[in-house]
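Me: I have a structure open on my screen and would like to understand how its features get their labels. Could you walk me through a few of them?

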Amino acid sequence: MINEPISKIDSQITLKYLQTQHENQYFERKGLGERDIKPSKIADELIGMANADGGILVFGISDKGEIQDLQSLGDKLDNYRKLVFDFIAPPCKVQLEEVFVDDKLIFIFHVEQDLETMFFRKDNETFFLRVADSNRELNQAQIKKLEYDKNIRLFEDEAVIDFDSDDLDQTLLQEYQQKVNFKGDLLDLLYKKHLLSKKDGIYQFKKSCVLLFSQNPEKYIPSASVRYVRFEGLESKTGTEHNVIKDVRFENNIPNLIDKIRQFLHISFKEFFFLDINIGKFKKVPEYPEEAWLEAVVNALCHRSYNVQGNAIYIKHFDDRLEISNSGPLPAQVTVDNIRTERFARNPRIARVLEDFNYVRQLNEGVKRIYESMEKSMLAKPIYEVRNGNVYLTLRNNISLHNKTIHADLMKKIEENWHNYNDTERNILVYIFGYGNVTAGEIAQNTQVHINTVRKYLNKFVENERILTRFSDKQRDINAKYGVNKDVGVLSNDK
C-alpha cells in the first residue's frame, strides 16, 4: 500500500514518496506545529513554485514523515482551502487534493508552472521564487530578469506542427513510464507532463517533448546537438597550424545524449597518478572527475537557450583544460558570482523530466558538485564566464604538471619508504605530486610549515633520496622550483 499511488492527479505520489522524499525544487513538506504554516505563508510557498518550475506541497506530514490529521484544525481548515483565492494573484493553476490516510486528512497542493505569468501576493504585491528547497523574496531587478527569462521559456512550449509520431523513441518512453509509475497510454503521460497540447482533440508535440523523446531532434530543431572537438596543445590554431585531432558531433534526444557523451568522454580522458597521503600509495585517477564533467554536460543540455539556433553545445578538449559552452546568458538571478547558490531552470519542462530520470536534481546542487569534485581531485576551481551571450565553463587538469607519467621505480620507492616519513615530509610530497613544480615558499605557505624546515626536507629528497629535482643552477635562488625526478637511471642506481 505504501508504494501504491494515493493521488489521482500524479501517479508518482505514493505514501512513501510523501514521507521520505527529500525536499527539493519540486517538493515541500509542511507539518502541523511548524513555523510559517499560516495560510498566507503557505501561499508564499505556492507563489514561489508557480513562478519557478511548479511542484508539490504536502500539508499535514511532518519533516520526519509523521502523518498528522488536518481535521484537528476544525473551522480554520477552510482558510487553507481558500488560500489560493485569498492570497495569490493573478489566478494561478493550483489544484488542491484532499487525501485520507488511515482516516487522517492531508492536503496535497499541485502547482503547475506557468511559462508567462508572474504571480504575487494579493495583499502586499510581493513576488517569490522557489530556489532549490527554499523560497526567495525577489527585489525589483530580480523580478525584471525573471520576466525576461519567462519569455525565453516559451520556446520549449511551442508546438512542432510537422512532428511525425513515428520518430518517438518508444524504448525511452517506456522507461520513463516505469520511472514515474504511470499506468496508461504513453501520449496521455506526455500530456499530463505538459509535453503535449491538444487542439481540436488532436495531440500536438511541444519542442520540449521533441528534445526529450524524439530519435532525431535535429530534424525539427536545428543545432539541438553536442559537438566534441579535441585540440592538440593549449590553443586552437588555424591554417597550416590547424591542430584539431578529433571532431565528433552527437545527435540524439537529451537522455541518450547524456549516456552517449558519458561513454565517449570516459575513454577520451587520460589518467595520472595521485599520491594518497592516508595510505602512502599512488592511485590512478582520471584527467577530470566524472562528477564535474558529467554535471557540466547535463547542465548545459538542460539549461541552454534552444531558441538560439545555429549554435550547438561545444565541448572543447585541450591538453590542459576542458571548455564547455552553451548558448544564452545565465538565467534569472543567477550570476557567475552566485552560481553555486542560486538556481533557475530556463527549460522547466525539460528539467522536470530529467529530474524524473535522476539525471538532474537542482542547477545549484550540480554546480556545487562540480566545485567540490574538482577540489577533492586537487584541481583548480571551475571558472564560469559569460561572453558574447554564451555561458562558458572551464575545467583545468594537472596532466601537464605531471608530465603525463611517473616512473614505476619512483612510485615504488616512495611507497616502500612511506612509513619512515613524518607528517611534514608526507605533506610536502603530496603537495608536489598534486601541483607539479613549485617553490619552497609555495610549499611553506600551503602546508603551514616554516620555510627553513621545508628547505631541509627538500634537500633530503633531492640529494639523499633523489626522488625530487631542483630546477635551478643558482645556489641561492628563492624562486627555485622543485619537482618529480624524471631521471630513471639515477633512481635505478639508488641502493
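This is a predicted model: local features need pLDDT of at least 70, side-chain atom pairs count only at pLDDT 80 or more; totals for chains, interfaces and linings use all residues.

Me: Which residues of α6 are buried?

Reply: In this helix, residues 170–179, they are Leu-172, Leu-173, Tyr-176 and Gln-177.

Me: How do you know that the buried residues line one face of α6?

Reply: Look down the axis of α6: its buried residues fall within an arc of 145°, and therefore they line one face of the helix. The face turned away from that buried side carries the exposed residues Thr-171 and Gln-178.

Me: What covers the buried residues of α6?

Reply: The cover includes α7 (186–192), α8 (207–213), α9 (254–268) and α11 (348–356). Just after α6, by the way, you will find Asn-181 with a positive phi of about 60°.

Me: Now the rings. How many aromatic pairs does a search of the whole structure find?

Reply: It finds 18. One of them joins Tyr-176 and Phe-357, with 5.2 Å centre to centre and 35° between the planes.

Me: Why is the pair of Tyr-176 and Phe-357 called tilted?

Reply: Their centres pass the 6.5 Å limit for a pair, and 35° is neither under 30 degrees (stacked) nor over 60 (edge-to-face), so the pair counts as tilted. Tyr-176 lies in helix α6 and Phe-357 in the loop between α11 and α12 (363–376), so the pair ties together parts that are 181 residues apart in sequence.

Me: And what makes Phe-357 and Tyr-359 a tilted pair?

Reply: The same test: 5.8 Å centre to centre is within 6.5 Å, and 50° between the planes falls between 30 and 60 degrees, so tilted is the label. Tyr-176, Phe-213, Phe-357 and Tyr-359 form one aromatic cluster.

Me: Why is Tyr-359 called buried?

Reply: Its relative accessible area is 17%, and buried means under 20%, so Tyr-359 qualifies. Phe-357, at 5%, counts as buried too.

Me: Last one: what makes Arg-387 a charge over the ring of Tyr-392?

Reply: Arg-387 lies over the face of Tyr-392, at 3.8 Å from the ring centre.

Note on methods:
Residues are numbered from 1 along each chain as its sequence is written. Side-chain values use heavy atoms; hydrogens and water are left out. Buried means under 20% relative accessible area, exposed over 50%, partly exposed in between (1.4 Å probe, protein chains only). Helices (H or I, at least four residues) and strands (E, at least two) are DSSP runs, numbered from the N terminus. The arc is that of the directions from the helix axis to the C-beta atoms. Contact means heavy atoms within 4.5 Å. Rings of Phe, Tyr and Trp (its six-membered ring) pair if their centres lie within 6.5 Å; planes under 30 degrees apart count as stacked, over 60 as edge-to-face and the rest as tilted. A charge sits over a ring if NZ of Lys or CZ of Arg is within 6 Å of the ring centre and within 35 degrees of the ring normal.
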